[in-house]
Amino acid sequence: MKKYRVGIIGATGMVGQRFITLLENHPWFEISALAASGRSAGKTYQEAVAGRWAFSWPIPEKVKGMPVLNAEEVEKVASLCDFVFCAVAMDKAATRELEEKYAKTETPVVSNNSACRLVDDVPMLIPEINAGHAPIIAAQRKRLGTERGFIAVKPNCSIQSYVPALTPLREFGLKAVSVCTYQAISGAGKTFDRWPEILDNVIPYIGGEEEKSEKEPLKIWGELNAAGNAIELAKTPVISAQCLRVPVSDGHMAAVSVSFERKPTMDEIFERWANWRTVAQQLALPSAPTPFIKYMEEPDRPQSKLDRDFEKGMGVTVGRLREDCLFDYKFVCLSHNTLRGAAGGGVLSAELLCAQGYIQRKE
């Protein structure tokens, strides 16, 4: 199989670095371009991330000597790629402008950024949940004036711990959800040596995170409208979220309480979690976890340190299901925020879009 040529925009940041490690030996994709801000342009990748490489393992040999291009030189970067991953650290308006510039070069963009998440004709994908949103790309291409180019995004990293666990239960009518997320420092692009203030500390505020946690699931659970030109948000459930930063390196945990229109039994919940089969697994996408969800019987699991790497960090672990005195049930979920929640989710989304024919080779 001839591999797709892939560019990484924002390659020097933590999520960009994750993309590099995930693509090092990917069976479908090979890195053909690395791009970042003008500060890094012209350097080798090793020079550009000197002192900032976030992982305990070394930079992959294949990219050490690759030149870092200026992400603003869109035509130049796009000419080297069949599609790009985008993980830039820019404000929303500038990010959307940059991503649309790449799309208009007929280069699909799979974005880790939030700028386009709530744009009506941009699919926000968790491949196991809403692969059926991809056809909205046709409407987006019409708006952008492209034949092949488009933008697809992945959702906020924290919702990918609990939205997968709630999705198989939607048949019982999700009515109200209260969730508190305990989010790792890598979600802020930090490591302990670069953020000593977080040691022995919990910070009860992450800018913009609670709004994302309350609204983005409704787009994930939404439907294409009759005209096929917008994804309409689901009307239920009502979601109330609180988001805390905790001194954990990786792994976002969520404590969830939920009420239903038709309260299921605990056995019915266990059965839905155990037997949920999704498009990503049916297509045997290279990054798809099997299983996607695992329930842990131990009373003190899941734990960030022990369970975040389940299914190479692409699976979701759930535990502590019990009845709740205010809601119907409560439980705890865990996902790896820079794998399932960020770069890994982006890679899986790209695999889905290739399998569905939305991403094609330029040659």
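My entries on the backbone and the surface follow.

**Ground rules.** I am working from a predicted model, where local features need pLDDT of at least 70, side-chain atom pairs count only at pLDDT 80 or more, and totals for chains, interfaces and linings use all residues. Residues are numbered from 1 along each chain as its sequence is written, and side-chain values use heavy atoms, with hydrogens and water left out.

**Cis bonds.** I looked up the peptide bond from threonine 236 to proline 237 and found it cis, with omega near 5°. Proline 237 sits in the loop between β9 (231-232) and β10 (238-245); helices (H or I, at least four residues) and strands (E, at least two) are DSSP runs, numbered from the N terminus. I also noted a cis bond joining threonine 290 and proline 291, with omega about 5°. Proline 291 belongs to the loop between α11 (279-282) and β12 (293-296).

**Positive phi.** I flagged these because most residues other than glycine have a negative phi. Aspartate 200 has a phi near 60° and lies in the loop between β7 (174-183) and α9 (209-220). Is aspartate 200 buried or exposed? I read 81% relative accessibility, so aspartate 200 counts as exposed (buried is under 20% relative accessible area, exposed over 50%, partly exposed in between, with a 1.4 Å probe and protein chains only). Arginine 320 has a positive phi of about 60°, but its place is in strand β13 (residues 316-323). I have arginine 320 down as partly exposed, at 38% relative accessible area.

**Lysine 43.** I found lysine 43 in the loop between β2 (29-36) and α2 (45-48), and its relative accessible area of 36% makes it partly exposed.
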